[in-house]
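Hi,

Here is the structure I said I would pass on. Have a look at it first, and then read my notes below.

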Amino acid sequence: MGRKVTKLRYRKFCFLLQFAVLAINFQVHASSHREAPLISKDPLADNTDVYAFKSPDDPNMITLIANYIPFELPEGGPNYFNFGTGIRYEIHVKNKTTTTGDDITYRFTFTSVIQDSTTFFNIRLGAQNLKTVYKLEKSTDGGTSFTTIVAVGTVPPPNIGPRSIEQGVGLNSNYNTLMTNAVMTATSGEKVFAGPADDPFFVDLAGAFDIGAFRPEGNTTNAPKDGLARYNVHSICIQVPVSMLQKDGKTVSQASTILDPDFVIGVWASASRQQIRTLATDGTASYSGNWVQVSRLGMPLTNEAVIPIGSKDKWNTVHANSSSENQFDKYFKNPELALYMDVSKFAGAVPSLNALRIQGNSLGSFDFRNGRKGLYVLKGNPALTGTALDPALYGNYLLPDSVSPRAVDLLPIFQTGVPNLSPYQLATGKPANSPLSAGKPFINNFLPTFGDMLRLNMAVPATDRTSTDFSSLGLVKAAVLGLTDSRFNADASLQFIPNMDGFPNGRRLEDDVTTIELQAVGGVVLAAVGLWYDDYNGSGSPVTQDLQNVLAFSAGPTKNDTTFKTSFPYVQTPWRGYDYTVKPRF
Amino acid sequence: MKRILNLTIAVLICMILNQTVVMASSHREAPLISNDPLADNTDVYAFRSPCDTNKIVLIANYIPFEHPAGGPNYYTFGTNIRYEIHVKNNAATMGDDIIYRFTFQTTNEDSTTFFNIRLGKENLKTTYTLERSMNGGATFTTIITGGRVPPPNIGPRSIETAGLGLGYANYDSLINASVNIASTGEKVFAGPADDPFFVDLGGAFDVGGFRTNGRDGLAKFNCHSIVVEVPVSTLQKSGKNLTQATSILDPEFVIGVYATASRPQITTFDSTGGQPTNNSTWVQVSRLGMPLTNEAVIPIGYKDKWNATTTGSEGVFDKYFKNPELALYMDDSQYGTAVPGLAALRIQTNSLGAFDFRNGKKGLYVLKGNPALVGTALDPALYGNYLLPDSVSPRAVDLLPIFQTGVPNLPPYQLATGKPANSPLSVGKPFINNFLPTFGDMLRLNMAVPPTPRGYADFSSLGLVQAAVLGLTDPRYNFDASLQNIPNMDGFPNGRRLEDDVTTIELQAVGGVVLAAVGLWYDDYPGTGSPVTPQLLNVLNFNAGITHNDTTLKSCFPYVQAPWRGYNGAAYVGPMSTTVPVTFLDFTATKAGQQVQLNWQVTNEINNDHYDIETSLGGGIFTKIGTVAAIRGGNVNNYQLLHTTPALGKANYYRIKQVDVDGRFAYSPIRLVNFSSGNIFTVTPNPATNYINVYSDYKKDLDISLYDVMGKKLGHKITNNGTVIFDISALAKGIYVVVAENDGIRIQTSRILKQ
């Protein structure tokens with residue numbers, strides 16, 4: 001009975017999916033600092049990261065964060081970093097598959113004033129230059145009309161130093177007061193903050209981009225360096241009640257389960273500029289013409305490490321309707337990163353990824369290396385009936401052909417979300433060597449509108465940040481617990497497993513998305529659902545040495561270089577230019 | 001005197017018709033340009049080369065705060081930007097006398113990867129065209145095309161690892177390979193470099209929170225440098241060389257230097273991520289001549305305008321030099337007490353009991369009309385009212401000419417040495433003449449001044465301030481008013497050397513140190529005795545927090561240091577899969593007449609499908625010569641293959657490619673069979689351009705040396721059954737000789753061709 005309902009529900013999804021293929025017309029997005037050639041020259045509009053998570057201090061609230069402007073040196077004066085004027089900074093939310101545009105759009109625009117034009121200092125004698133305020137508008141009709149919900153929002157000044165912020169020669173205040181006073185409440189009820197903050201992202205840039213010279217945390221050869229340590233960004237943070245984001249206005253208490261498919265939202269952010277820039281000989285610049293999207297971000301690192309350089313600039317501008325977005329599908333079906341985890345390709349040249357070896361012979365049958373068949377060998381097999389791989393449900397999206405092995409895992413993770421259907425259930429509860437059987441649910445962020453978004457099931461409870469189970473490995477950790485922890489691996493029942501609220505089910509500030517994505521490219525999601533690594537001999541523990549290598553791998557630093565705030569806006573106070581503690585960045 | 005009158009005429013002409021485009025130093029110094037880092041001109045330098053003393057080095061830096069690990073799209077010069085270095089040498093002409101214009105192009109050699117460098121390919125690979133104008137920009141001649149910009153210094157895998165990366169011996173060899181000689185003789189480099197500037201940003205801009213032991217806000221950041229080394233005779237207005245200078249302060253040898261970046265006036269962004277399109281009108285968006293002008297002199301309301309200012313409108317900024325904002329913080333009647341970081345600097349309020357140089361005060365204007373001014377630089381018959389315009393512009397007498405006209409070798413601008421007591425208007429000891437009276441913010445350099453050797457004990461980053469101190473206090477220089485070559489007379493503000501601590505010098509200058517040097521002593525000078533009073537010592541002992549760069553400089557061209565490398569240290573190697581590969585227990589290749597017998601012994605043949613046998617004549621290019629099916633099963637298996645057609649007279653390399661059922665493969669070690677029996681080593685490639693690999697399977701230490709044909713030893717390495725690499729990228733084209741010796745006995749030589 002339950003099974004039948006499930007089937008019907010997914011038949012409906014199937015229809016929606018096909019509908020979306022024909023008519024989808026919304027914009028979608030990815031995470032990155034200086035990730036594409038053109039945007040690397042326009043830091044003010046460079047969207048570096050997007051987060052969407054269940055607020056740890058309020059189960060009824062979702063927090064959306066979009067960060068801009070990479071590598072802000074805390075002492076970068078005399079003109080400290082600030083939001084750009086003439087840029088539309090937007091956070092987009094999708095919650096329905098029956099509409100073709102964004103369901104909710106938050107648009108921030110900024111203006112700045114000079115309070116004392118006679119000084120070269122940014123702050124002096126109570127006056128602040130380049131003092132910035134914003135207008136926040138909201139659209140709930142796909143961007144057709146906007147309503148102003150914050151008319152004049154305060155952006156805190158740069159955290160220059162004690163003289164500028166705290167003393168009489170400056171603003172005679174203190175920074176946390178300035179930050180607290182900058183938290184606005186929109187007329188529609190959202191809590192809003194826009195201002196400088198510590199960049200919460202962490203990654204060993206130096207290692208990653210020297211042709212993959214990763215340095216895992218704790219290795220004794222060469223310690224990783226957080227390339228973003230001690231840098232600030234400009235954050236836009238919005239805290240929204242679940243009922244305002246849920247497509248039918250439902251609250252969390254109305255969710256049928258913690259994986260209720262009606263509670264999935266897709267989140268992405270963008271920056272747009274007017275198309276024509278005119279420079280005048282008096283040192284002014286003006287913009288005119290149509291607005292063009294110059295940066296976007298949904299899933300972290302898409303444009304940084306999935307899309308190759310020849311397509312990065314284009315990717316940033318795509319307003320992803322299906323016909324434009326799917327030009328990038330091939331990079332998920334056969335990702336470049338997979339070449340470096342495959343000894344028949346370039347793995348021998350990237351020894352830092354030795355721990356990651358994609359399944360070449362999982363269960364003696366399945367080869368997921370680039371260009372191989374993957375699960376396509378099952379095409380037409382009756383065993384697929386009723387699973388997510390059943391063409392009656394999802395068409396050929398997940399098994400398109402015999403040379404797209406990762407259409408079965410990476411593609412849906414990035415482009416549609418993952419349904420709570422086999423094979424996308426943990427191996428716990430599945431018979432041995434039966435990945436297509438029903439297993440233990442651990443994810444349902446399926447929102448079948450093709451496009452790069454952070455997809456978050458808002459019904460999943462938040463993991464207590466102080467819990468010993470809390471892990472920056474997000475859903476990978478939830479899978480590990482569901483497979484190996486006696487509290488969670490007893491049967492296939494739906495349980496709340498800690499970190500089910502973590503990436504790629506949305507994204508928390510703490511989540512180590514670089515490691516998670518490398519593990520995912522290395523096949524860890526396949527392993528979690530029972531497509532074990534090659535060294536599994538068919539019986540005994542599937543937690544083989546290969547799987548342990550993957551789980552022990554990290555891409556570099558595994559946490560931010562400072563803490564987070566325990567309540568809104570969660571991002572930490574920006575580093576103070578005068579005297580922040582230094583830390584090597586490379 | 002006649003020369004001075006001529007200059008006066010030139011000044012007057014310029015006042016009416018000045019067409020000079022002029023400039024300032026700065027990182028993120030103005031609101032607009034702080035949003036456009038690629039076009040942000042951060043610093044300009046102009047100095048006599050300490051390495052080749054007949055040359056002048058001009059350096060313009062762009063792009064502040066480049067994170068050395070700022071990938072995947074590392075920093076590079078912008079396309080659609082005109083990067084220009086401008087030189088003025090003739091007060092009688094209206095425009096720039098020489099303009100060097102750089103424009104850059106980028107290409108992607110492999111658009112299928114997100115890495116910047118991979119498998120020998122480089123993305124965003126940048127080259128430049130250098131054009132030169134000798135007629136004020138009316139026409140340009142191309143003097144370099146396809147000039148190479150070195151790639152970012154990403155790390156050892158990208159730069160040095162052959163095959164995987166670019167395979168250079170080291171980053172310096174890339175820098176050397178990127179030095180170009182223009183068709184007109186200039187030596188040119190354009191590429192990433194350590195940012196040579198140093199300043200305590202965190203302190204300075206926290207409302208003047210200067211501190212001792214500050215923090216260099218530019219430490220471990222790179223920038224992009226344009227370096228042009230030019231013969232003095234190319235820059236001197238009449239083509240004279242240094243031997244023709246009348247003195248080390250010959251006024252005919254003064255040049256003014258500034259740099260700019262310009263962008264097209266109208267840029268249209270492509271809605272699908274294509275390159276933006278532009279119109280053909282160019283607008284100047286950044287400029288720089290004297291350091292820190294737009295950072296700490298021009299107030300925020302005018303910074304953007306200052307960057308865009310071109311012709312003849314420079315005068316609107318004069319007021320910021322006549323009464324600079326910084327002076328407010330060195331004046332207890334203004335905000336002096338609110339800025340304790342500058343407590344050591346207190347502007348003269350009552351110099352010689354008569355002169356007050358604080359903002360809004362009279363300064364030397366009290367002497368206006370006094371006959372004592374006749375024949376000095378303050379004589380209105382010479383320079384009009386420029387230096388003493390009114391009773392409320394005290395710094396028109398020192399800061400304004402330092403930044404806008406240069407300083408003539410005339411009283412009062414001579415050291416107090418040799419002047420009677422309390423007589424600043426008298427003739428004193430010359431120490432500067434960089435007077436080029438075309439109003440505008442330029443680095444003015446008298447090229448006739450000899451360079452101070454960098455290793456010299458008297459060398460000082462305080463530049464001309466230190467020259468003044470020596471000229472006033474050092475017995476080698478302070479005995480009379482004669483013109484002497486005082487060390488550091490080639491330093492800022494006479495041009496600018498990479499080492500000069502311009503932040504400190506300018507703060508000292510705002511604090512009145514130049515006035516003191518010419519005899520307008522600080523308030524605590526009692527009128528007799530040593531003028532080196534406590535106040536003057538406070539000024540001289542002041543520094544702005546950081547006094548030198550965070551690394552060294554190169555002693556010769558391009559002078560700027562190699563860029564910081566993104567990845568440093570050893571490579572981490574991850575754990576291997578437990579799927580045990582086939583193990584080669586043995587692999588031998590032996591001569592069998594004119595054939596080669598290959599034998600190998602393996603174990604652990606799980607999943608093994610077959611073996612491909614490959615051979616190579618060097619250079620890493622292997623071709624398959626046969627396939628042998630796997631036996632599998634059993635513990636140890638033996639295989640053999642006879643190679644019937646080895647290359648006779650050459651070194652033949654062999655390896656076995658072991659291929660699994662699923663297509664995975666692995667290689668055996670490489671074996672060598674040498675049919676040129678005398679050959680102990682082989683050199684590949686030959687001919688070569690950038691590096692050579694010298695391989696030997698000789699099982700003893702072998703001394704490998706590289707000589708030129710004149711017998712000069714160029715390099716030496718030791719190998720023992722392996723390969724050593726020589727970087728030959730910097731060598732001239734031609735024949736070189738590789739020699740192998742063992743225990744001092746020469747056992748083989750081989751010629752190579754560098755092309």
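Before the strands come up: two of them count as paired if DSSP finds at least two bridges between them. By that rule, β27(B) and β28(B), the latter covering residues 691-696, pair in the antiparallel sense over four bridges. Please keep in mind that this is a predicted model.

That pair belongs to an open sheet of three strands in chain B, in the order β27-β28-β31, with antiparallel pairing. β27 (681-684) and β31 (722-727) of chain B are at the edges with a single partner strand each, so one side of each has no neighbour in the sheet. On average, neighbouring strands here are turned by 20° against each other, ignoring direction. If you want a place to start looking, B:Phe681 has B:Ser696 in β28(B) as its bridge partner.

B:Asn693 also sits in strand β28 of chain B. Is B:Asn693 buried or exposed? The cut-off for buried is 20 or more other C-beta atoms within 10 Å, and B:Asn693 has 20, so this residue counts as buried. Apart from neighbours within four places in sequence, its contacts are B:Thr684, B:Thr723 and B:Ile725. By contrast, B:Thr603 lies 90 residues from B:Asn693 along the chain, and their C-alpha atoms are separated by 33 Å.

Elsewhere in chain B there is a hairpin to check. Strands β19 (583-592) and β20 (595-603) of chain B pair in the antiparallel sense over nine bridges, and B:Ala589 has B:Leu598 in β20(B) as its bridge partner. Two residues lie between the strands of this hairpin, and B:Gly593 takes a positive phi near 65°.

Now the interface. On the chain B side, 83 residues are in contact with 94 residues of chain A. Several elements of chain B give two or more residues to that side, including β6 (117-118), β16 (282-288), α6 (293-297) and α7. Which of them gives the largest share? That is α7(B), with six residues. By type, the chain B side divides into 36 nonpolar, 35 polar and twelve charged residues.

Helix α7 of chain B (residues 300-308) is mostly covered, with eight of its nine residues buried. Among the buried ones are B:Tyr302, B:Trp306 and B:Ala308, along with B:Lys303, B:Asp304 and B:Lys305.

There is strand pairing across the two chains as well: β13 of chain A (residues 264-279) and β14(B) pair in the antiparallel sense over three bridges. A:Arg277 stands opposite B:Thr267 in β14(B) there.

As for chain A itself, its secondary structure comes to 16 helices and 16 strands. The C-alpha trace spans about 75 × 55 × 45 Å along its principal axes. Looking at contacts in chain A with a separation of 6 or more, 71% are between residues 24 or more positions apart.

Last, the cores. The largest nonpolar core holds 349 residues, and A:Val50, A:Val267, B:Val44 and B:Val257 touch the most other members. A second, separate core has 14 residues, including B:Val694, B:Ile728, B:Tyr736 and B:Val738.

Cheers

Key. Residues numbered from 1 in each chain as written. Chains lettered and ligands numbered in written order. Predicted model: local features only at pLDDT ≥ 70, side-chain atom pairs only at ≥ 80, totals over all residues. Axes fitted to C-alpha atoms, helices over the stretch in contact; angles between N-to-C directions. Buried ≥ 20, exposed ≤ 12 C-beta atoms within 10 Å, placed from the backbone. Contact = placed C-beta atoms within 7 Å. Nonpolar A, V, L, I, M, F, W, Y, C, P; charged D, E, K, R; others polar. Core = buried A, V, L, I, M, F, W, Y, C linked by C-beta atoms within 7 Å.
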